[in-house]
Amino acid sequence: MTTRPLETTLPDDARLTSEGFAASGRGRTLLIACGALAREILALIRLNGWAHVDVTCLPAILHNHPDRIPDAVRDAVIEHRDAYDRLAVVYADCGTGGELERTCDDLGVEMVAGPHCYAFFDGLGRFAARDEITSFYLTDFLARQFDAFVWKPLGLDRHPDLLAMYFGNYEKLVYLAQTQDDSLTAKARDCAARLGLAFERRYTGYGDLATTLEHWAAA
Amino acid sequence: MADEDDEIILSELDDDELVQQMFDDLYDGLKEEIEEGVNILLDRGWTPYDVLTKALVGGMTIVGNDFRDGILFVPEVLLAANAMKGGMAILKPLLAETGAPRMGKMVIGTVKGDIHDIGKNLVSMMMEGAGFEVVDLGINNPVEKYLDALKAEDADILGMSALLTTTMPYMKVVIDTMKEQGIRDNYIVLVGGAPLNEEFGRAIGADAYCRDAAVAVETAKQFIARKHNQMAAG
């Protein structure tokens with residue numbers, strides 16, 4: 001089995017946002033993931049040499065429409081399950097209110113534990129212990145795609161006067177950094193300034209995503 | 001040239017035209033125009049209650065319907081709400097003075113652990129527009145705060161809001177505490193928020209899940225009417 005040329009197959013963020021990422025068709029295990037996690041998952045596959053693990057991503061913009069995630073995951077599982085020995089879903093609850101878990105249970109596939117990617121990047125226990133309710137979170141992907149996921153969908157590009165209605169109760173933007181990237185940190189800091197929030201950067205690396213994928217890759 | 005010639009002078013419109021124009025201005029989120037329209041109607045002798053219900057609530061109902069039907073989105077609804085708020089600020093003190101009809105009293109707040117209040121604020125405003133007295137507890141409310149306010153305000157309705165799937169289960173904590181204290185049936189409990197649905201509302205023991213502000217108003221009216229009927233029959 002040949003190793004996939006990862007660097008050349010990763011689409012740009014705009015495509016990950018609107019279209020997602022197709023499976024290569026190689027490997028025994030398929031990860032069905034959120035497009036916002038594509039870079040991190042491909043990096044872990046490369047770092048660990050998991051040639052038997054394939055990945056397909058659903059459009060990352062589903063993040064803004066969590067009610068659509070369970071059906072999209074169901075469709076992807078049904079589409080791919082005959083072609084792989086094992087499937088796993090790289091989503092946490094992600095605002096589906098338990099619906100995605102019910103869908104995955106129904107389909108007999110595992111998913112990532114926890115409420116959302118902020119929690120599993122930070123580490124579930126640590127995130128819960130912080131009990132932060134006035135923080136707004138960005139990951140590497142969301143920092144790069146801030147305009148597509150936050151600024152424009154909330155209409156702030158057209159109506160900046162709505163800012164206080166959306167973010168008036170928030171105090172801080174927390175950038176959960178998966179990588180050491182000064183330019184991305186500067187971008188996240190700029191996002192905080194645009195929202196009128198204090199800024200904090202936390203380096204998380206891949207957090208619980210790494211251990212979860214290790215578990216699935218080893219099985 | 002065309003712009004200047006086409007500019008609409010609100011004070012030159014007759015009442016029907018002005019109300020229609022106010023519907024358009026609400027739809028477009030034009031706060032200053034709404035404030036001007038409210039003042040013109042009041043100057044013409046309209047009661048504050050009529051201005052509220054016929055011009056503002058009428059206009060917001062169109063906005064709410066188009067939001068429900070996917071024609072308008074959250075930013076546009078917020079702009080419309082902001083415009084209505086401008087009109088409400090003028091009318092609210094006058095409504096109190098003129099003894100507008102009162103439908104009932106609602107205590108409303110976002111649940112503990114949740115700071116999101118856009119939906120709650122829309123519900124508060126529309127409930128006030130429909131003649132309910134609203135006591136808004138704001139965000140991040142523990143159970144004691146809800147129960148204390150219900151008692152202190154002698155409220156009819158409890159409204160709870162949540163945006164997060166991690167915080168919406170707290171609504172059940174509040175309702176269960178009400179049951180433990182034997183006060184659950186003293187109040188109409190309405191719940192709402194983006195991740196909720198009817199099934200969740202039923203499961204936690206609420207009287208109703210309200211999909212949006214307009215539904216909250218209609219549901220509250222129905223439950224209050226039912227309560228009055230029961231009292232009359234009893």
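A quick word on the model before the close-ups. This is a predicted model, where local features need pLDDT of at least 70, side-chain atom pairs count only at pLDDT 80 or more, and totals for chains, interfaces and linings use all residues. Residues are numbered from 1 along each chain as its sequence is written, chains are lettered from A and ligands numbered from 1 in the order in which they are written, and side-chain values use heavy atoms, with hydrogens and water left out.

**View 1**
Let's start with the interface: chain B and chain A bury about 1300 Å² between them, and 66% of that is on carbon and sulfur atoms. Buried area here is the accessible area (1.4 Å probe) that two parts lose on being put together, summed over both. P75(B), L79(B) and I115(B) supply 38% of what chain B buries against chain A, more than any other three residues. Counting heads, 16 residues of chain B and 18 residues of chain A take part in the contact, where contact means heavy atoms within 4.5 Å.

**View 1. The salt bridge across the interface.**
Zoom in on E76(B) and R158(A), whose side chains meet in a salt bridge at 3.1 Å, N to O. The term covers a side-chain nitrogen of Lys or Arg within 4 Å of a carboxyl oxygen of Asp or Glu. Between chain B and chain A the count is one salt bridge. Polar contacts across this interface come to five residue pairs, both residues at pLDDT 80 or more. Such a contact is a pair of N or O atoms within 3.5 Å; within protein, one must be able to donate a hydrogen and the other to accept it, and residues adjacent in sequence count only if both atoms are side-chain atoms. On the side of chain B that touches chain A, helix α5 (residues 74–98) gives the most, with five residues. Helices (H or I, at least four residues) and strands (E, at least two) are DSSP runs, numbered from the N terminus. That side of chain B divides into eight nonpolar, five polar and three charged residues. For that sorting, Ala, Val, Leu, Ile, Met, Phe, Trp, Tyr, Cys and Pro count as nonpolar, Asp, Glu, Lys and Arg as charged, and the others, Gly among them, as polar.

Y137(A) sits in strand β5 (residues 135–138) of chain A and is buried, with a relative accessible area of 8%. Buried means under 20% relative accessible area, exposed over 50%, and partly exposed in between (1.4 Å probe, protein chains only). Leaving out residues up to four places away in sequence, Y137(A) touches several residues, including Y118(A), F127(A), V174(A) and R202(A). Its side chain also makes a polar contact of 2.5 Å with that of E132(A). L176(A) is 39 residues away along the chain, yet its C-alpha atom is 6.9 Å from that of Y137(A). Over in chain B, Y49(B) belongs to helix α4 (residues 48–68) and is partly exposed at 30%. Beyond its neighbours within four places in sequence, Y49(B) is in contact with L95(B), A100(B) and P101(B).

**View 2. The open sheet of chain B.**
Five strands line up here in the order β2-β1-β3-β4-β5, with parallel pairing. Strands β2 (132–136) and β5 (208–209) stand at the edges with a single partner strand each, so one side of each has no neighbour in the sheet. Two strands pair if DSSP finds at least two bridges between them. Five bridges join β1 (residues 104–110) to β3 (residues 157–161) in chain B, and G109(B) stands opposite M160(B).

**View 3. Strand β3 of chain A.**
Four of the five residues of β3 (residues 86–90) of chain A are buried, so this strand is largely enclosed by the rest of the structure. Five bridges link it in parallel to β1 (residues 29–34) of chain A, with A33(A) opposite V90(A). Two bridges join β3(A) to β4 (residues 110–111) of chain A, where A88(A) has E110(A) as its bridge partner.

**View 4. Two positive phi angles in chain B.**
Most residues other than glycine have a negative phi. N140(B), not a glycine, has a positive phi of about 55 degrees; it lies in the loop between β2 and α7 (143–153) and is partly exposed at 33%. D154(B), also not a glycine, has a positive phi of about 50 degrees and is exposed at 63%.
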